[in-house]
Amino acid sequence: MRATRRLTVAAIAAASALSLSACLASPEQGGEAAGPDDPIVVGVSLPLTGDFAEPGKGVQRGYEAWAKHVNENGGLLGRQVELVIVDDQSNADRVASDYERLINQDGVDLVFGPFSTRLVVPAAQVAQDYGFLFVEPAGAAAEVFEQGFDNLFYAAPAIADDHYDHLAEYILALPEDERPKTIAVASMDDPFAQGTAYGLRDQLAEAGIEVLVDEVYPPNTTDFSGIAAKIADSKADLLIVGSQYQDGVNLVVALQQQDYQPQMAAISGAPTNAEFPAAIGDKTEGILAPTGYTPTAPYPSNQEFVEFYTAEHDAPPAEDEANAWTTGQVVAAAVEAVGCADPSPECQEQLIGWLKENEVETVVGPLSWDAQGRPQSAHLIQQYVDGEIKIVLPDDVKEADLVHPKPAW
Amino acid sequence: MTGALFAQSLVLGVLLGGLYALLAAGLTLYFGVMRVVMIAHSAFLILAAYLAWYFHERTGIDPLLSLVVTVPLFFVVGYGMQRFLVSRLRPITLTTMSVLLTFAVALTIEGLLGFVWTGTQRRIQLGYSGTSIEVAGVSIAVVKLVAFGLAALSLGALYLILRRTSFGRALRATTQHPEAARLIGIDTDRVAGLGFGLGLATAAVGGTALALDYTIYPSLHWHWIGPLMAIIVVGGLGSIPGAAIAALLLGVAASLLQVPLGTTWAQTVFYLALFVTLMIRPQGFFGGRLAQRF
C-alpha cells in the first residue's frame, strides 16, 4: 500500500513539473502558423495499458481506421490527417497531463477524447481550459454532462440513462399479465454501468414495478455467487444488470448455476461483446442488451465503415471502434463546414459553435446535441435470438421480433 | 434473510473457503519454512489458471488434466526459485527483502501473461460450467464442487506428506528450529527448496481450480493476495491447520455478510479480521506458539 502511495506522489509531482514546464514553453510554440500542405495533427490520449486497455485499444483501432480512410479519400480540407496517440495507462492524473502536453508542447490542431467517463472528465477539463473542441467516444455517464463543459460532445446515440429507453417503452406497453412485476438489479460500481441499469430501473419503478434486489459490486469483483444467491432467492421477473464485461459473464454463469430463470434479462455491457457467446456457451438465448452500435445498422455511412474496417482488420468493428470513427466523423463534419482546423481560439470556437447548431450523419445514425453535449437519440436494443444477437427494438430498424418471456437458460 | 438464502450463502462460503484454504496453506508454508513472504504466490496461481485455460483452448480436453503437467512443473520452478533466488538473500533481512523480490516476480509474471495472452479476460467454457446439483433446496455448482474437492484432496495430501513422511518431518523440523535441524543432520537448504516447491505446487492446483469457475486476466492476482495474506496472519503465520481454519471461517463470514452488507463491504471482513488479530492476538488465533510445530 505504502509503495503505491509513494508512486502516486511521485507521479503527481512529475505530472505537475511537466505541466509547469509545458506552460512556460507554450508562448514560443503557439506562434507558428500551419501551412496548407502540413498535415492536420490530432492529439489523443488513450488507456492502452491498465484497467481500460481492451476498450482503449478498440478506440485506437477506430481512430486509426478513420484517419486512414480520410487520408485515402483526399484528407480533410485537402490536408492529410496525422494522429498522435499517447498512453495514459488508464490513469486520470496522467490523462490530464497528456492533453496539456499535446495542446501546449506538441501544438496539435485538434484533440479527440479518450475512453471512459473517469478519463473523459479530467481530459475535457484541460480541453475546456484551452478552448479546444472536445468530441469524445466514451463518456456516457450523467456526471460528464454536469461539469459545465461547453466544448464537449459525446459521439454516440445516447447518454447512459437513456440507453434502455426503447425497452422501457416496450415493457410498459405490454399487457398487464405479461408485464414483469418485480425487478432484481445488479450493477458494477461504475458511473456508466450504473447509469445504464438505473435508467431502466427508475423508469420501471416509477410505473409501479417493484425492485426486490438492488446490488452494487466493486469493479474487481470476481466471485458473483453471493449476489446470484440473493437474486435467485428473490425470484424477480426481470433481471437488470449493468456490467462491463467479465463481471457480466461471471454473474450470468453464477445465476445459471443457481438455476434462476427470469422472464426477461436486460444486461448492458457484456452481451454485445463478441466474446460473450463463447464465454457463456449456448446459454445466451433471450438476453437483451442495449447497443450504441451494430455493424448491421442501416445508416448510410455505416456500410462504408464496416467494409473499410473489415478489409483492414479481417473482423467487423465493435462499438468502441464505431464510436471512435463517429468521433472522427463529427469533428470532420465541423471542420469541413467551418473550413478551419488549427489550435487558434477563433477556429476552435467556430467548430464548437457549428456542432451546437447542426446535425451530423454518422455510422450510429444522425446525431445532434443539447447545450451540455448530450446526444439526443436512444440506443438500439439487441437480443440473442436463435443463437445470434439481433436488433429487436425500435421497430423501424429491427432484424427480429423481441422474444418474451425469454427461454430458460 | 430467508432460510434458503442463508443455507445457499453458507454452502457458497464453505466452497469458497475451501479454495482459500488450499491457497493460504501454500502461502503459510513458505513463511513457516523459510520466513519468506511470498507475494508472487497468487501470481503463480493465475499463471496456472492461464496454463489450464491455454491447455483447454488448444486441446479441448478437460482443464483438470493440465494438472499432470503444471503440478510437477511448478514444483520444479518453486525448488529452483528458492535455491537460486530466495536463498541468495541475506538471512538477516530475508523477510523484508523477500517481499521485494517476490513482488518483482509477481510483476514479471503479470507482465509476461499480458504480453503473451494480452489483457483480454479469458474464461474456460465447459459443458458443465452452469450445471449444478440441488441438495435440500441449495444449488451447488459442479465446478465449485470440483474446485472444493481438489482443494480438499490437496490439503489432505499436504497433511499426509508433512505428517507421515520423513521429508515432512524434516520440513517441520526446519520450520521449528533450523539450527537444531541442521545439527541432527537435516540438509535444511534442500528441505527449504523442496518445501518451496511444495508450496508452489499447491498454487498449480489452486489455479486450475480457479480457472474452472472464474474469468481470468493478468492482474487478477492482486485481488487474491490481500485476503490470503490476511488469512495466514489470522490463522497464525506458518500454521497450515490455522490457515485452513481461518480460510474457512472468513470465507463463510464473507459469504454470509454479503447478504446484508453487499459485495463491497463484505470483502472488508478479511482486513477487519487482520486488524483485530494484530491488536489482540498478533501471533494468530489458531497457531500461536504451536504454529512453530506444524
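This is a predicted model: local features need pLDDT of at least 70, side-chain atom pairs count only at pLDDT 80 or more; totals for chains, interfaces and linings use all residues.
Let me begin with two helices of chain B: α1(B) and α10(B) pack at an angle of about 145°, with their axes 6 Å apart. Axes here are lines fitted to C-alpha atoms, for helices over the stretch in contact, and angles run from 0 to 180 degrees between N-to-C directions. Two packed helices are described in general by the angle between their axes and the distance between the axes. The crossing of α1(B) with α10(B) is right-handed; a crossing is called right-handed if the near helix is turned clockwise from the far one by less than a right angle, and left-handed if anticlockwise.

Residues are numbered from 1 along each chain as its sequence is written, while chains are lettered from A and ligands numbered from 1 in the order in which they are written.

Gly251(B) is placed in helix α10 of chain B. Is Gly251(B) buried or exposed? Gly251(B) is buried, because 25 other C-beta atoms lie within 10 Å; the cut-offs are 20 or more for buried, 12 or fewer for exposed, and partly exposed in between, with C-beta atoms placed from the backbone. Apart from residues up to four places away in sequence, Gly251(B) touches Gly13(B), Leu16(B), Gly17(B) and Tyr20(B), where contact requires C-beta atoms, placed from the backbone, within 7 Å.

I turn to chain B as a whole. Its secondary structure comes to twelve helices and two strands, where helices (H or I, at least four residues) and strands (E, at least two) are DSSP runs numbered from the N terminus. The radius of gyration of chain B is 19 Å, close to the 19 Å that the globule rule gives for 294 residues, so chain B is as compact as a globular protein of that length. That radius is taken over C-alpha atoms, and the globule rule is 2.2 Å times the number of residues to the power 0.38. Of the 294 residues of chain B, 54% count as buried. Among contacts in chain B with a separation of 6 or more, 80% are between residues 24 or more positions apart.

Chain A has twelve helices and 14 strands. Its radius of gyration is 22 Å, close to the 22 Å of the globule rule for 409 residues, so chain A is as compact as a globular protein of that length. Buried residues make up 56% of the 409 residues in chain A.

Within chain A, helix α5 (residues 165-173) and helix α6 (residues 191-206) pack at about 25°, with axes 9 Å apart. Leu167(A), Ala168(A) and Ile171(A) in α5(A) meet Leu200(A), Gln203(A) and Leu204(A) in α6(A). These residues divide into five nonpolar, one polar and no charged.

How do the two chains meet? In the interface, 27 residues of chain B are in contact with 30 residues of chain A. The largest share of the chain B side, six residues, comes from α1(B). That side divides into eight nonpolar, 18 polar and one charged. On chain A, Pro218(A) is found in the loop between β7 (210-217) and α7 (225-234). Leaving aside neighbours within four places in sequence, Pro218(A) is in contact with Asp189(A), Thr263(B) and Thr264(B).

Finally, the backbone of chain A. Most residues other than glycine have a negative phi, and most peptide bonds are trans. A cis peptide bond joins Leu393(A) and Pro394(A), with omega about -5°. The bond from His404(A) to Pro405(A) is also cis, with omega near -5°. Leu77(A), in the loop between α2 (53-72) and β2 (81-87), has a positive phi near 55°. Lys235(A) has a positive phi of about 50° and counts as exposed, with 12 C-beta neighbours inside 10 Å.

Technical notes. Two residues are in contact if their C-beta atoms, placed from the backbone, lie within 7 Å. Ala, Val, Leu, Ile, Met, Phe, Trp, Tyr, Cys and Pro count as nonpolar, Asp, Glu, Lys and Arg as charged, and the others, Gly among them, as polar.
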